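Student: I have a new model open on my screen and would like to understand how it is put together. Could we walk through it together?

Tutor: Gladly, let us look at it piece by piece.

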Amino acid sequence: MKPTPHTSEKKSLKDRLSAIVLCGPMTAWSLLFIVVPIVILAVMSFMTKGALGVIVPKFTLANYKALGDKVYLNVIVQSLIIAGWTTGLTILLGYPFATAMARMRARTSGVMMVLLMIPMWVSGLVIIYSFVILLNHSGIINTFLMHIGLIKSPKSMLYTNFSVICGMLYMFLPFAVLPMYSSIEKLDHNLVEASQDLGASPVRTFFKVTLPLTSPGIFAAVILTFIPCVGYYMVTDMLGGGTSMLIGNLIDRQFTIARNWPFGAALSMVLAIVIFAMVGIYTKLGGNLDDLG
Amino acid sequence: MILKRNLARAAAILTAVALALMCLSGCGQSKKSNKELNIIVWDGTWSEEMFQDFEKETGITVNISYVDNTDTLMSKLIQGNADYDLIDLEGAYVKPFVQHDLLAKIDQSKITNTKYIVDDYKKTGPIGDKNLEYTVPDMAPSYTSVIVNKKTCPIKITRFSDLANPKLKDQLAMVNATNSLYGAALQDLGYSAASTDESQIAEANALLKKIKKNVKAFVGESAVSQLESGECSVAFCWDYPTLCGDSDTNWDKFEEIPLKGGNEYCMQYWAVPKASTHKKEAQQLINFILRPKELAKCYKEYYAVPLEKKSAIAKYLPKNYYKNPSIKSSQRLLHNSWNVSVDEKQIALMDSYYTKLMGEK
């Protein structure tokens, strides 16, 4: 029986209503707290800084022109380098971990998954402070090592590259492991066996079969780690001693000490554009946005 | 085409919404009754018990907000988006607040308890209000100084430039406040901390570049943990009173160094915004807080060098309070200290040099 125009109209109205009820709150939330703030930033980035930090609604491109200054380019490049290193290290460490997890029995891998997720349940600030407590001169590690007689005086562990790497790895490892785990788990082991049957060594099999087949997971892991890393400066500040400036610090300073909100907005827009560009490249290369959560 | 038109329409709507929200942000202050005072103070300084006592005595409710940024507070007051009756203002900001006509004159005859304030602290007011017409001191000065661990610091420090000595490599913790860093460097070089001469600021930057090689950690607020844990043996910060207030074992362990170029001092002041509708009650509260018995409640909760004369306040404080070396040190630093008022041109210059300084390896 064909639906009458009246019933189909009624159904479509019902569908629309349920769509509004189901998606409305989330859409409104996203509009209000994601889209509108980004638009505010975008608008502000073309405005002029007035006396004492007041924003003057006068159009200018000066904030974007200033970004070409070597000083700011250095800061942006430095942030990208640190994010690159962190991403590389988390992938190198996370891939074998994800492989091991994928090969474990379901129950064991479940436990490992919970352990992996724990850092994500705790505030980043608490994690960083716990590293300070662990690594400082009178901290737990130094006290223990001195107690067992392994060292005579405390070793400098805090405010070093070592402490920054530890902190960054701890914060971002779960973001890298989860997509790689999902990719490795789906890997068709018949293909690995076929490669070995055809005489390929384990190393060749890994590079020619396993790695290409799990590359979507790796790429998702790169995106998920690199993006938050670029703007994240708490670890380098609190565990690295804040002796270098990253784009996150720079943005923070513009909104506080320098009182130049339009320039801070322009920097934030650049950061947002880098992120959107990365996600764009990811999808262009066939990446699935669902894998990014 | 339709998609393009819709996108353009959506962008226009969003821009309009954004502009409207920007204009409206901060609006919507609630109306208050005659028996209410809205005050804004710095966190970790004032005893809530003291405000409760004021409420009991006068029947006036005190609504407390906390300052997170004086610039934001100033912007709100300029735009008329805040209805505070009393503010706890940094001395460096008094001049722009007065220039923007944001403060009301205080009837000093109503604040009789200023008689208890140490004479040196009320001899001259902050920059912009030398005669204390708009402000009343609310805290003794705090100093940005060099603090050394007497046992572990490898050199004798007498001036800011000594911090560039290579023997201090990885021994130094420093605040990252631009005006304190560049101000100290300028003073050390024989210039004024208020200088806006770019060549002088560039020289100061060169000195800071040398010092930076020794810095183990830049800190935003406090260097206490770096000193107490032994991570650093020297710090350039404003923490000596906190360090001494933390534990009396720190009294002999650390020393605050008077610098040859002088130490930066910072004082806080009570001020009544011009837009306040309860100026009389605000002045009543200032006078109440200045009662030695009431102020002592704050010091018992949050250690600080007393604003008031020992003869007036000592009886309300613990017996060994005046044994704390930070009190003596504060008196010693007072006569060779400097401070500057916030200045747009200087902030912009210093910040661009600071970014360069921190952006370089």
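Student: Which residues have the most contacts inside the largest nonpolar core?

Tutor: Keep in mind that this is a predicted model. Its largest nonpolar core has 157 residues. Helix 7 (residues 161-185) of chain A gives the most to this core, with twelve residues, and at least three residues come from each of domain 1 and domain 2 of chain B. The residues with the most contacts inside the core are B:Ala173 and B:Ala235.

Student: Which residues does B:Ala235 touch, leaving out those up to four places away in sequence?

Tutor: B:Ala173, also listed among the residues with the most contacts in the core, is one of them.

Student: How far apart are the centres of the two domains of chain B?

Tutor: Chain B is divided into domain 1 (36-138 + 268-317) and domain 2 (142-265 + 338-359). Taken over C-alpha atoms, their centres are separated by 29 Å.

Student: How many nonpolar residues are on the side of domain 1 of chain B that touches domain 2 of chain B?

Tutor: Ten residues from domain 1 of chain B and six residues from domain 2 of chain B make up the contact. On the domain 1 side, two residues are polar and one is charged. The nonpolar residues there number seven.

Student: Which elements of chain B do the buried residues of helix 11 pack against?

Tutor: Helix 11 of chain B covers residues 279-289, and its buried residues are B:Glu281, B:Ala282, B:Gln283, B:Leu285, B:Ile286 and B:Ile289. Residues three or four places apart in an α-helix point the same way, because there are 3.6 residues a turn. The buried residues of helix 11 of chain B pack against strand 1 (36-41), helix 2 (48-58), strand 3 (86-90), strand 4 (135-137), strand 11 (268-271) and helix 12 (292-301) of chain B.

Student: Which residues of strand 3 of chain B point one way, and which the other way?

Tutor: Side chains in a regular strand alternate between the two faces of the sheet. In strand 3 of chain B, five of the five residues are buried, whichever way they point. One way point B:Leu86, B:Asp88 and B:Glu90, and the other way B:Ile87 and B:Leu89.

Student: Which residue stands opposite B:Leu89 in strand 11 of chain B?

Tutor: Strand 3 of chain B has two pairings to consider. With strand 1 of chain B the pairing is parallel, over two bridges, and B:Ile40 has B:Ile87 as its bridge partner. With strand 11 of chain B the pairing is antiparallel, over four bridges, and there B:Leu89 stands opposite B:Tyr269.

Student: Why is strand 7 of chain B described as largely enclosed by the rest of the structure, and what is the bridge partner of B:Leu172 in it?

Tutor: Strand 7 of chain B is largely enclosed because five of its five residues are buried. It runs parallel to strand 6 (residues 172-175) of chain B, joined by four bridges. In strand 7 of chain B, the partner of B:Leu172 is B:Val215.

Student: Is B:Asp170 buried or partly exposed?

Tutor: B:Asp170 lies in the loop between strand 5 (142-149) and strand 6 of chain B. Its phi is positive, about 60 degrees, although it is not a glycine, whereas most residues other than glycine have a negative phi. Being buried takes 20 or more other C-beta atoms within 10 Å; B:Asp170 has 16, so it is partly exposed.

Student: And A:Tyr159, is it buried or exposed?

Tutor: A:Tyr159 sits in the loop between helix 6 (140-147) and helix 7 of chain A. Its phi is also positive, near 60 degrees. With 26 other C-beta atoms within 10 Å, A:Tyr159 is buried.

Student: Which helix gives the most to the side of chain B that touches chain A?

Tutor: The contact takes 32 residues from chain B and 31 residues from chain A. Helix 1 (2-24), helix 3 (70-78), strand 7 (215-219) and helix 15 (344-359) of chain B each supply at least two residues of the chain B side. That side divides into 14 nonpolar, ten polar and eight charged residues. The most, eight residues, comes from helix 15 of chain B.

Student: Where in chain B does pLDDT stay under 50?

Tutor: Chain B has a mean pLDDT of 89, and 90% of its residues reach 70 or more. For the complex, the predictor gives an ipTM of 0.75 and a pTM of 0.82. The stretch of chain B where pLDDT stays under 50 is residues 18-31.

Conventions. Residues numbered from 1 in each chain as written. Chains lettered and ligands numbered in written order. Predicted model: local features only at pLDDT ≥ 70, side-chain atom pairs only at ≥ 80, totals over all residues. Contact = placed C-beta atoms within 7 Å. Nonpolar A, V, L, I, M, F, W, Y, C, P; charged D, E, K, R; others polar. Core = buried A, V, L, I, M, F, W, Y, C linked by C-beta atoms within 7 Å. Buried ≥ 20, exposed ≤ 12 C-beta atoms within 10 Å, placed from the backbone. Domains from an automatic or database assignment. Pairing = 2+ DSSP bridges. pLDDT = per-residue confidence, 0-100.
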